[in-house]
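Here's a quick look at one protein chain, going from its overall make-up down to a few residues. Have the model open while you read.

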Amino acid sequence: MTEHLALILAACLLDVALGDPVYRWHPIRLVGDLILAGERLFFAVGLNGRLGGVLHWLLTVAGALGVWFGIRAGLGLVHPWLAFLWDLYIAYSLLCLRGLVEQGWRVLRDLEDLPAAREHMKMLVGRDTEPLKRDGIVRATIESLSENLTDAVLTPLWALCLFGLPGLILVKAVSTLDSMVGYRNARYERFGWAGARSDDLVHWLPARISVLLIAVSAALLRLHPWLALRSPWRYRRLLPSPNSGWSEAACAGALRVRLLGPVWRDGQLINREVFMGDPNWPAGLGAADLRRALTLIALCCLFAVVLGLTMASDRLLLPS
């Protein structure tokens, strides 16, 4: 077994066994600190337009890659195993196989205790949770699980499998940039352009492959694979992102449920009547629907690992 395959397998097993570590010096938190420091620097010198945003992007990505490589090189001089353990620590910290499903299970576990369920939801969604009743909590949780399947699981995992740790670090740095500065508002419309567009680019292909992954998983679970394939073509444009609508609409079809509905953000009702799904599909969802969604997402994660390892093996077989 090659070092690359061993790294992928070990990182996935650690993530499934231990979950995402939560502590102040987590690599993503450090990247976030770098992003904030860079933003303050560029705004202070007047580079708050697209040029400043591109330079900010380069600083973030180069900084993240440079710190990883510099520490790896130093550890490698001491012993190759130290360099491998450093790589394993970074890969494990940046993958998110267990965390997504685990947070959804917490919502399911406390679904009868609405205040507790809303607290768990805050780790998954960016919308207001206080107005949500039981069916709204279930819909919002399924939406977040299906949307984050691409962003949090498929793209990072497959980037690691195909491009090694530099690919994984790049993807996570870009995603963190998008989450912090990729907004269409007065401050970030131009400055966050590079982060937002690069995030769209890295998730473009995994988002579309996610539909096939969801359909295959739905078939094995005896759900609705044909609806999973059809729904994205009808409903993906209900979301403003060019990518997130694919997996979310596919999950809606696979489960044969309607998602979206009333959405509150910052005290404002931004969506009332629009639902994702056919009019005859149910929208008043409950624990059974969330349980089916969690099983579907977990199976998709398993298949994603298998497909990723296959891609990594094929890459190793290519002539150099």
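Charges come to 32 positive and 27 negative side chains in this chain, with the centres of the two sets 4 Å apart. Lys and Arg count as positive, Asp and Glu as negative, while His and the chain ends are left out; each charge is placed at NZ of Lys, CZ of Arg, CG of Asp or CD of Glu.

A word on ground rules: this is a predicted model, where local features need pLDDT of at least 70 and side-chain atom pairs count only at pLDDT 80 or more, though totals for chains, interfaces and linings use all residues. Residues are numbered from 1 along each chain as its sequence is written, and side-chain values use heavy atoms, without hydrogens or water.

Here are the whole-chain numbers.

| Property | Value |
|---|---|
| C-alpha box along the principal axes | roughly 60 × 50 × 35 Å |
| Buried part of the 320 residues | 50% |

Buried means under 20% relative accessible area, exposed over 50%, and partly exposed in between, with only protein chains considered.

How does the radius of gyration fit a compact globule? A compact globule of 320 residues would have one near 20 Å, and the chain has 20 Å, so the two agree. That radius is taken over C-alpha atoms, and the rule is 2.2 Å times the number of residues to the power 0.38.

The fold has eleven helices and four strands, which are DSSP runs numbered from the N terminus (helices H or I, at least four residues; strands E, at least two). Among contacts (heavy atoms within 4.5 Å) between residues at least 6 apart in sequence, 70% join residues at least 24 apart.

Now for the inside. The largest nonpolar core has 82 residues, and L157 and I214 touch the most other members. Helix α7 (residues 134–181) gives the most to this core, with 19 residues. Such a core is a set of buried Ala, Val, Leu, Ile, Met, Phe, Trp, Tyr and Cys residues joined through side-chain atoms within 4.5 Å. Beyond residues up to four places away in sequence, I214 touches L149, A228, S247, A250, C251, A254, L296 and C300.

Helix α6 (residues 114–121) has A116, A117, R118, H120 and M121 buried, and their cover includes α5 (98–109) and α7.

Last stop: L75, in helix α3 (residues 50–78). L75 counts as partly exposed because its relative accessibility is 26%. Leaving aside neighbours within four places in sequence, L75 contacts L82, A83 and W86.

Note on methods. Buried means under 20% relative accessible area, exposed over 50%, partly exposed in between (1.4 Å probe, protein chains only).
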